[in-house]
Amino acid sequence: PEDVSYELVIAKIPIKRAFRTSFGEFYGVRVFLISRSGDCIGAGEAPVDPYPLYSGEFVESVVEFTKKMKEHLFMSQNVKELLSKLNSYRGNQMAKTMIEYSILTLLSCLNNKSLVEAVGGRPYKLPVQESIGITEDLDELISCAEEALNWGARRLKVKIKPGWDVEPLKALRHEFPGVQLLADANGAYDPVRESHREQLSDVAAYADAIEQPYPPGDLVSSAKLSSEEGIEVVLDESVDTPRRALEVAMLNEEFGSLLSINVKPPRLGGLTASLQVLDIAVDHNIPVFIGGLLETVIGRSLNMVVASAVKGPLEPSDFSPDQQFYERSLAKDPFDIKCGFVELRDSPGLMFDIDWDYLESVTVEKIPLER
Ligand code: OSB
Ligand code: MG
């Protein structure tokens, strides 16, 4: 649109409790791109941290990449052209995701057509899992798990690292025998260390699935672990392009493994790339769920749009509401969870109202992009 304007917003949103993974602690920093035209507003989120720990992106890289895309943002004739310009550059998936969703939600509002409809999805009820970080001790872990099961979480995902793995899984299995357990290592195990291999074997005795045991570039070791232990191994960090999803299919064929994919739109570069991964997964019988990166409701709404397009079964996904992690939701009308399922909306645009006063109160920096 002729009158479009863009603003980058860096916010630090207070969190309820620490969230620890094998690679570090979460502080609540987020980058948003707000777009405006007429009476409509669009928004996208880059779930980056101040340091490149989960992926190579971080706050400043997202800001600088977006500034460099200014010309394309203002001069492209349509979304297709804009996306192809963005994708002519490598990497920077989270920045691309933020830009894409900001524009898509803006246009969805202007055209009065919902994104769920646009991707051929339906407003399903989506099964929700809860992610529990590395806790101080087993008592804290059990009480977090109880809390999640009380609101109906369909699966518990627990963070592990060498030294905090077998004990927590054993305790959870003992306390909650029938509950689905997923152990997420965020790549912390070394595939050539025998002691690590043994620990993962013990984890496999208590967990239903293990996520990203080995570093991102090593898909083969994950396939071997899956077939040797007869356990589902979920790939998260490893699948950063649709091409990788094809490799997962080839590995399952070759090793007789059960590798599945945690589809995270910001890791893949947005909606279009995520839909490609879903198509590959259906074609090759790869189980999927939609993962989160502690996004606020803005990023989580994109993830739900992607979930609506899943053609086969969907494993419990990271749709617990943002106020689960943050002191307050960025939405005035957060998504409800009933019995562990979130009801997706299919209204045009963002599908919820941003609490602008709250966002303003947690904003650290605003960077308008001038035409
Ligand atoms: O590996 O899934 C992960 C959060 C930050 C970084 C990595 C991961 C996570 C989560 C969050 O597990 C899950 C959520 O957003 O609900
Ligand atoms: Mg993960």
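Hi everyone, let's start with the chain, which is divided into domain 1 (5–112 + 356–369) and domain 2 (117–343), with bounds from an automatic or database domain assignment. In contact with each other (heavy atoms within 4.5 Å) are 29 residues from domain 1 and 43 residues from domain 2. Taken over C-alpha atoms, the centres of the two domains are 23 Å apart.

A quick word on the source: this is a predicted model, where local features need pLDDT of at least 70, side-chain atom pairs count only at pLDDT 80 or more, and totals for chains, interfaces and linings use all residues. Residues are numbered from 1 along each chain as its sequence is written, chains are lettered from A and ligands numbered from 1 in the order in which they are written, and side-chain values use heavy atoms, with hydrogens and water left out.

Now, where does ligand 1 lie relative to the two domains? Both domain 1 and domain 2 give residues to its shell, so ligand 1 lies between them.

That shell holds 17 residues, each with a heavy atom within 4 Å of the ligand. The closest are Lys-157, Asn-186, Lys-264, Leu-294 and Arg-300. By class, six are nonpolar, three polar and eight charged; Asp, Glu, Lys and Arg count as charged.

On to the polar contacts, meaning N or O pairs within 3.5 Å. Oxygen atoms of ligand 1 lie 2.9 Å from a side-chain N or O atom of Lys-157 and 2.8 Å from one of Asn-186. Leu-294 takes part through its backbone, with a polar atom 2.8 Å from a ligand oxygen. Taken alone, ligand 1 exposes 390 Å², and the protein buries 96% of that, by the Shrake-Rupley method with a 1.4 Å probe.

Conventions:
A polar contact is a pair of N or O atoms within 3.5 Å; within protein, one must be able to donate a hydrogen and the other to accept it, and residues adjacent in sequence count only if both atoms are side-chain atoms.
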